[in-house]
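Please open the structure in your viewer and keep the selection tool at hand.

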Amino acid sequence: MATAQTAPEASSPADDRPSRRDRSRARYPDAEGFAERDGVRLWYEVYGSGEPTTLLVPTWQIIHSRLWKAQIPYLARHGRVVTFDPRGNGRSDRPSTPDGFTVREMAADILTVMDATATERAVLVTLSAGTARALIVATERPDRVAGLVAIAPSLAIGQRLGERGYPFDEVLDSDEGWAKANIHYWRRDFEGYLQFFFSRCFTEPHSTKQIEDCVGWGLEIGAETLALGEYTAGLAADEVLALAARVDCPVLVLVGDRDAITGMGPGVALSEAVADGRLVVMHGAGHVPDARDPVLVNLLLRDFVRSLAGTSAP
């Protein structure tokens with residue numbers, strides 16, 4: 001069942017890659033390092049202290065953990081925060097075959113990082129494709145998950161936008177719109193694809209900085225590595241619903257009514273499919289509200305985490 005409310009409008013990386021510490025940050029990590037599983041290293045960072053831990057789960061490997069840069073400083077003032085780069089981007093390793101990018105490998109990475117950072121239990125916060133991985137962890141290891149936040153979940157349930165659906169690996173006679181989501185176009189103009197994709201992610205006015213950031217981060221993975229994940233199967237609708245039915249922790253779902261990537265449908269359906277689902281509709285928000293409206297998202301995250309601990313916000 002869902003309770004709803006409406007929010008106000010509102011391969012390994014090269015050793016000589018510039019350190020994240022060379023970039024301007026509001027807060028630097030208190031601990032950092034690599035977690036490793038089956039030969040794949042995952043770069044993690046830990047901020048703050050206190051329980052429960054909030055683990056900011058990577059989304060699609062098109063972007064690394066700087067995605068959460070607007071959440072980390074605020075949330076770390078209220079508790080412990082863990083982030084990590086997805087396999088394929090940032091300082092994490094880059095597997096060379098599609099088998100390295102399956103949804104279950106990505107789900108296992110969450111637990112690998114939790115173990116490496118001595119995180120017994122956490123609130124998992126996800127964006128888009130990260131939701132499927134978190135659902136797997138929440139159902140298969142419920143003892144490790146105190147709660148789940150799904151921002152703009154990308155899942156094969158609910159009413160979804162119908163613009164996508166071009167074949168990924170066939171030569172197309174058009175480069176217009178979602179026809180750009182094609183390996184042959186990526187090889188010709190990967191930056192052009194990133195510009196298109198992230199412009200669809202940020203439908204809010206005055207989003208130039210967010211789009212520029214994401215395009216720059218997307219260029220760190222490259223077309224060939226990103227394409228490996230396109231040859232793996234995601235969770236089918238019946239698998240998603242079966243997982244959702246088994247989730248026994250509270251779930252907060254945030255959706256934007258201007259989401260041009262997935263629409264609101266998958267998020268609404270998820271909030272209805274779990275036992276304790278809470279739905280927040282963000283008016284005027286696109287697919288990445290954590291970057292475009294961080295104040296509102298941060299307050300919603302803080303209050304959700306506090307509600308799990310039985311405390312109320314001042």
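Helices (H or I, at least four residues) and strands (E, at least two) are DSSP runs, numbered from the N terminus. The model in the viewer is a predicted one.

Select Thr119 to begin. Thr119 is situated in the loop between α2 and β6 (122-127). Is Thr119 buried or exposed? Its relative accessible area is 2%, and because buried means under 20%, Thr119 counts as buried. Now display the side chain of Thr117 as well: a polar contact of 2.8 Å joins the side chains of Thr119 and Thr117.

Next, select Leu155, which is found in the loop between β7 (145-151) and α4. Leu155 is buried too, with a relative accessible area of 5%. Leaving aside residues up to four places away in sequence, Leu155 touches Thr131, Ala132, Leu135, Arg160, Val240, Pro266 and Leu270.

Finally, turn to the largest pocket, whose volume is about 1200 Å³. Select Trp60, Ala129, Ser154, Arg164 and Glu230, which lie nearest its centre among the 45 lining residues. By type, the lining comprises 30 nonpolar, 11 polar and 4 charged residues. Then colour α2 (103-116), α3 (130-140) and α4 (183-201), each of which supplies at least two residues of this lining. Which helix gives the most to the lining of the largest pocket? That helix is α4, with 5 residues.

Notes. Residues numbered from 1 in each chain as written. Predicted model: local features only at pLDDT ≥ 70, side-chain atom pairs only at ≥ 80, totals over all residues. Heavy atoms only, no water. 1 Å grid on protein atoms, 1.4 Å probe; cavity = no way out; pocket = protein on both sides within 12 Å on 5 of 7 lines; lining within 4 Å. Points joined across faces, edges and corners; volume = space filled by probe spheres on them. Nonpolar A, V, L, I, M, F, W, Y, C, P; charged D, E, K, R; others polar. Buried < 20%, exposed > 50% of the residue type's maximum accessible area, 1.4 Å probe, protein only. Contact = heavy atoms within 4.5 Å. Polar contact = N/O pair within 3.5 Å; in protein donor to acceptor, adjacent residues only side chain to side chain.
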